[in-house]
Amino acid sequence: MAMSLDNYRLKLKGKELVPVVVGGMGVNISTAELALEAARLGGVGHISDAGTEALADLRYGTKFGRKKFERYRGYIDNPDKSDVHFDLETLAEAQKLHVDDTMGRKRGDGMIFLNCMEKLLMNNPRETLRTRLSAAMDAGIDGITLSAGLHLKSLQVVQDHPRFRDVMFGIIVSSARALKLFMRSAARVERWPDYIVVEGPLAGGHLAFGPDDWFEYDLGIITAEVLEYLRGEDLDIPVIPAGGVFTGADAVHFVENGAAAVQVATRFTITQESGLPSAAKQAYLKAREEDIYVSTMSPTGYPMRLLKQSPALQASSKPNCESLGYVLDAKGQCSYLDRYYEELAANKNKFPVVEDKFCLCTQMRAYRVWTCGQNTYRLKDVTEKLPDGSYRLPTVEEVFNDYQHG
Ligand SMILES: Cc1cc2nc3c(=O)[nH]c(=O)nc-3n(C[C@H](O)[C@H](O)[C@H](O)COP(=O)(O)O)c2cc1C
């Protein structure tokens, strides 16, 4: 009889979990409700800290963005944002609010991890990262997955935190080479990651692969290279492939080849618990293969897989670094900002049209960047069309069970 994923368990620090990890999807696409269902069912769910304060404002009615805006409103027409900073205490408060609320509602034997999007440098990379990680640990998060950034000092900045050795730390890499670099920095604080997510070219969100070469890479091959590297170093760390694992059978294939679990996201974007607005969910369900592409529009500098119908591609927006400003780098710069002011200077008195970048902060917060995995066009095959022509949205439980038992 064919094996199902339920024949396997992900072992993390002595705990046994269903080997399904639902990946982080910012801003508030992988909601607490989505993550909590994955944990209740015995797997791992991720909440995301992309846009921490904006997320708290969306979910808990706080006014952190407004407060920051009041403080920095004088910078609105000033292209130099180097003095526009996050207040670290407020940032910690926002992070704690979200993690605390989520952890307080946790049921079942699974775990809740935080996806920490390191590439959001927040005009003060080291201190804002330290604050985000520390606040999440203070508020009792089970684990932290460091993603999209590969700061080699991430572990170092929190090495004195009392939970540094008991919380789970994971890292997302897209090659054995990137993992080697991270392991060198981990050796310096004598702390290996507790799990390693290997994200391949079919994933959603920001990617380590570009528009012209993503199809030359293969998740199975990269995962095998990572496993071989770990064996060579005599390290037994769970490896979790991600990107394009669409069915339970796909997942079984990976665990039969040495993976400890799989990380999945696209199947959950259109669940009832996902934070995407209903119109976006239906657009994902209607997507055709040719609607999905890898774009260079994100000002983070990383390629990002998108749906061509993303509203962010239709119209530019005024930068909003005074209340948001998550993408600002260590010098207070952002490539969208640069392009916006270039266009403004070139076309005086007209609203600038920036065609090659979007304002990630503003557009993600408004759910106008429809990032998705390469398999999004297959979503329609795993649900039903309703009489009114729309698609039925499954629950997290249905999709989770489909991976676990399907
Ligand atoms: C809508 C969406 C948003 C995502 N956002 C993030 C993110 O904020 N941070 C991150 O590390 N990965 C992000 N990802 C990647 C997922 O966590 C996951 O690793 C990957 O998409 C798994 O592949 P699959 O979507 O084919 O199942 C996102 C994926 C999707 C589909």
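Reader: Which radius of gyration does the chain have, and what would a compact globule have?
Author: This is a predicted model. With 406 residues, a compact globule would have a radius of gyration near 22 Å, and the computed value agrees with this. The chain has 20 Å.

Reader: How many helices and strands does the chain have, and what percentage of its residues is buried?
Author: The chain contains 14 helices and 13 strands. Among contacts between residues at least 6 apart in sequence, 74% join residues at least 24 apart. Of the 406 residues, the buried share is 51%.

Reader: How many residues are in the largest nonpolar core, and which residues does Val-20 touch?
Author: In soluble globular proteins, nonpolar side chains tend to be buried together. The largest nonpolar core here has 125 residues, and Val-20 is one of those with the most contacts inside it, as are Val-22, Ala-38 and Val-262. Leaving aside residues up to four places away in sequence, Val-20 touches Leu-5, Ala-38, Gly-43, Ala-261, Val-262, Val-264, Phe-400, Tyr-403 and Gln-404.

Reader: Is helix α5 largely enclosed or open, and what covers its buried residues?
Author: Helix α5 runs over residues 125–138 and reaches 20 Å from its first C-alpha to its last, close to the 20 Å expected at 1.5 Å a residue. Because 11 of its 14 residues are buried, α5 is largely enclosed by the rest of the structure. The buried residues include Leu-129, Arg-130, Arg-132 and Met-137. Their cover includes α2, α4, β5, β6 and α6.

Reader: What span should helix α7 have, and how far apart are its end C-alpha atoms?
Author: Helix α7 has 13 residues, 176–188, and at 1.5 Å a residue these should span 18 Å.

Reader: Which residues come nearest to the ligand, and how many around it are charged?
Author: There are 30 residues around the ligand, of which Gly-23, Ser-147, Gly-204, Gly-205 and Gly-373 come nearest. The elements that give two or more residues to this shell are β5, β11 and α10. By class, the shell divides into 13 nonpolar residues, 16 polar and, as for charged residues, one.

Key: Residues numbered from 1 in each chain as written. Predicted model: local features only at pLDDT ≥ 70, side-chain atom pairs only at ≥ 80, totals over all residues. Near = placed C-beta within 6 Å. Helix = DSSP H or I, 4+ residues; strand = E, 2+ residues; numbered from the N terminus. Nonpolar A, V, L, I, M, F, W, Y, C, P; charged D, E, K, R; others polar. Core = buried A, V, L, I, M, F, W, Y, C linked by C-beta atoms within 7 Å. Buried ≥ 20, exposed ≤ 12 C-beta atoms within 10 Å, placed from the backbone. Contact = placed C-beta atoms within 7 Å. Expected span 1.5 Å × (residues − 1). Rg over C-alpha atoms; globule rule 2.2 N^0.38 Å.
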